Each structure stands twice: as C-alpha cells, then as structure tokens.
Amino acid sequence: MKVQFTETVLRDANQSLIATRLPFSEFEPILKTMDKAGFYSLECWGGATFDSCLRYLNEDPWERLRKIKAACPNTKLQMLLRGQNILGYKHYPDDIVRLFVKKSVENGMDIIRIFDALNDLRNIEVAMDETKKCGAIASAALCYTTSPVHTVEAFAKLGKQMEDMGADTICIKDMAGIMGPQEAYDLVKALKETVKVPIVVHTHATTGLGPMTLMKAVEAGAEVIDTAISTFSGGTSQPSTEALAYSLKQMGYEVDLDFKVLKEINDFFKPIFNQYIDNGTLNPFVLTTNPDALTYQVPGGMLSNLLAQLKAQNSLDRLDEVLAEIPNVRKDLGYPPLVTPMSQMVGVQSTFNVLLGERYKNLAKEVKSYVKGEYGKAPGVVDPDLIKKVLGDEQPITGRYAETLAPGFEAAKEECKQYAQSDEDVLSYVAFPQQAMKFFEAREERKSNTAQYSIVKLEG
C-alpha cells in the first residue's frame, strides 16, 4: 500500500509554532527543492496565512500564492478554507464564497480542504460546489472531537454525506491532537467501510499521540497523512515528516519521498527555526508535550489566545480555573468541536465566567450569535437556560444562515474602489477590511516613492 504525505511547514506548522510569521522571502529559496521531494501536496495557504500576510508581513497573499505555484509546478498546492466563514470568524454571502474559491483556483490552488466548525454540512456545500466547478480537488474535512454525541458511527455517517456531496477526499481533522491511536484506527476503518474516496488524516503532536495516531490510521487504510519537516515538527505542530516516512517505509509501505531532498529541506529550515527561537517569536512552551489537552481539548492557537487574554487582565494565575471551565461551557453550547471560530468563542466565554465570578453574567457577542443559530446547528443540545437568557421568547434560526445574507461583493468593491486593483484585492478587503486598507495604502505609498528613470540617447 502506498502512503502519501502533505507537508505543512508553509502553513500549519509555522502557524502552530510561530503564529504564521514566516515571510515568503525566507522560504522562497527552498521552494524548487520542495517541488522535487515527492509530496502529495504542499499546504501553503488559507488558515491564518492570509491575515498574517496583510497584518504583519506586508505581503499580498494572492501574490504569495502565485509565486509558490510558479516555483512548485509539479506539486499540488493545498489550502484550508473555513466553509462559509472563508478565512474569518463570520458567515459571508454565497457570492463572496464562490468568487473566493474561483480566484483561489485561478491563482494556483489545487486542493481546497473545506470544513465547518460545527460539522454542519450546509456551511460547506457552496464552497464544495464551487471547488468542483473550478476543477480543483474538494477535500471535505470532518472536525474530530470527543463528546457524548460524537461517535464513530456519527462520523462515518458524516463521511458518507460528504462523499454524496461530491468530496474527492475526506480528511479527519484533529485540531488539538486528541485522537488516540485506537480511535484513529477505528474511525478510519469505519470510513473505509462507508466511503470509496481516499482518507486523509490531520493531527497535531500536542499531546504526544501524533506519530502513533498517524501510524494506526495508515494501518487502517488512510492514504494521505499530514506531517511537518522535522525542524518545524512536534509540540503544537504536526509529527515529523522524516520520522513517519522512515518508519512506514521500514514497515513495508510504499513511500515515494526522496530522503536526500527531505534532508536538504530540513537543513534549510534549521537556521530559520533558530532565528525565531532567538528573537522570541517561538516560545519553547509550544514545543512541549501537553497531555492536559486530552482533558480540555484546547488547540495550540486557542491556548495562546487564552494566555494573552489572561495576561492582559493580570490573571495568568487563573489559567487552571479557565481550563477547567472550558468543558462546562462546551457542554452548555451543545459540544461544539474546539476549532476556529468555536475555540475562540468557548475560550472567551470561559474566561468571562471565571474572571467575573458568575457564569454567563457577561455573554460574548459571538456566543449570542451562536445560540441564535447564526453559525449553524449545534452538534448536541444547547442548555435551555442559556437559550432563554439569549433569546427570551425569540426563536432560533433553523435554516441555512447564509441564505439570509444579501450578496456582498459589489458593495465591497464600491467601498474599496479607491485602492483595489483587482477582484483579489476586493476579496482581501472583504476578509480583513482594516488590514487590507492599510496594506493598499502602503502599496500606493511605495509606488509614489519609486522614482521613474528613462535613458535618453544624446546625439553628438
């Protein structure tokens, strides 16, 4: 059996370890080498990369994608899309979702991994449909979590529904590294018995289970696994590419990766990694093994947000109380998986509950929207008292929320027409208005400060 690898160093690995602060200029020299490694795909876009490009790196995310594609013509490029949320924390109208997918493919994207934080398939159907129409690979991702309502049978049923929607592959997306080896084996086996499309497995090394989980997933029949080149592996990142490739090859699986090229890639990233350690961007805390995540199910990004929140309130000493409150809030909200934006929502509300000394004294705006049904259908039953507190006598939304939203692209185009030079610019503005406008203004300033020269031949 052949096992293929998705390399995550250009997106999830550096997002997990250094908050997506890796500029294109730093990894550009290794791209052509990465194209020769034999990866199934390079995950390089989506997630938080878009926001970081505009907010911190002064880069056009669309230009970054085009440059990666030009340097890696032989390897499929992959992105992470939050369904109807695209790359943000709210639902966008269907016209914007469709155009974003279309432009992503036009600019070089080959595989779009699409998920919804609640596993509400109504929130991925438009993105899936457009991905298929544009000729890209639609990889539907089910967000893995554990709760009384999240069973192997329920996930297998979800996988079948995704296949029926047109998914080319199905990804098990384990955001916090909480899926154990036996759980991975059982779930992959159940999916293999239910669907015909290939199974991809994504996990993190946070709890220390990652490598064992991926090996058992392969044993059960998973065709593709997500890993990170070893320098950027471990901790809240993915398990090591080289270690998994070596182990699986030793066990008799067919692995097409070129180990000499993998060494070149790893050697290239070593000084970059050390630089981020030295300048403090990479906190060694994210490299540790944290089995507490098995209890709290807190992904790495959510934990760093909690730490920042508590530090701002001079309340870091209350972290354990907040972590203990998270499972309670999650239960009250009907057991949503802790993935963006649900992870931030649950984290903020848990912090409020602890610091204010009274549960739900202050309700986060997003929690109110969630209870109203704006994010989709909760996996389990939302606490009736909480519904009453938020809605009073109102009824929650039961339909697909995006259908209540008016088309938004033309209005956005009008708002940013002074600076937007393309549909891609407008989409950047839609996703992150303030950051995009700052980027556009800086771009205009650079242009005006660039001197124009012409050479005139003098007759003599």
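How many of the seven residues of S5 are buried? Six are, so strand S5 is largely enclosed by the rest of the structure. Buried here means under 20% relative accessible area, exposed means over 50%, and partly exposed is in between, with a 1.4 Å probe and protein chains only.

Before I go on, some ground rules. This is a predicted model, where local features need pLDDT of at least 70 and side-chain atom pairs count only at pLDDT 80 or more, while totals for chains, interfaces and linings use all residues. Residues are numbered from 1 along each chain as its sequence is written, and side-chain values use heavy atoms, with hydrogens and water left out. Helices (H or I, at least four residues) and strands (E, at least two) are DSSP runs, numbered from the N terminus.

Now the barrel. Eight strands close into it in the order S1-S2-S3-S4-S5-S6-S7-S8, and the pairing is parallel. Neighbouring strands of this sheet are turned against each other by 30 degrees on average, direction ignored. For that angle, axes are lines fitted to C-alpha atoms, for helices over the stretch in contact, and angles run from 0 to 180 degrees between N-to-C directions. Two strands pair if DSSP finds at least two bridges between them.

Take strand S2, residues 41-46, and strand S3, residues 76-81: they pair in the parallel sense over five bridges. Within this pair, Glu43 stands opposite Gln78 in S3. Helix H9, residues 181-194, packs on the sheet and touches strand S5 (137-143), strand S6 (169-173) and strand S7 (199-202). The direction of H9 makes about 160 degrees with that of S7. Touching, or contact, means heavy atoms within 4.5 Å.

Back to S5, and its two partners. On one side, five bridges join S5 to strand S4 (residues 111-115), and the two run parallel. There, Ser139 in S5 is the bridge partner of Arg113. S4, helix H7 (residues 125-133) and S5 make a right-handed β-α-β unit. A crossover is right-handed if, with the strands pointing away from the viewer, the path from the first strand over the helix to the second runs clockwise. S5 and S6 also pair in the parallel sense, over five bridges, and Cys143 stands opposite Lys173 in S6. From S5 the chain crosses through helix H8 (residues 152-165) to S6, again as a right-handed β-α-β crossover.

Next, the cores. In soluble globular proteins, nonpolar side chains tend to be buried together. A nonpolar core is a set of buried Ala, Val, Leu, Ile, Met, Phe, Trp, Tyr and Cys residues joined through side-chain atoms within 4.5 Å. The largest one in this model has 104 residues, and those with the most contacts inside it are Phe5, Phe100, Ile172 and Phe269. Helix H12 (residues 259-278) gives the largest share of this core, seven residues. Apart from it lies another core, of 41 residues, among them Ala141, Leu303, Val322 and Tyr360.

Leaving aside neighbours within four places in sequence, Leu214 is in contact with Val201, Thr203, Ile225, Asp226, Thr227, Pro239 and Leu244.

Last, some backbone details. The peptide bond from Thr340 to Pro341 is cis, with omega near 5 degrees, and Pro341 lies in the loop between H15 and helix H16 (342-355). Asn58 is not a glycine, yet has a positive phi of about 55 degrees. Asn58 sits in the loop between helix H4 (49-57) and helix H5 (61-71), and at 42% relative accessibility counts as partly exposed. Tyr360, also not a glycine, has a positive phi of about 60 degrees. Tyr360 is in the loop between H16 and H17 and is buried, with a relative accessible area of 8%.
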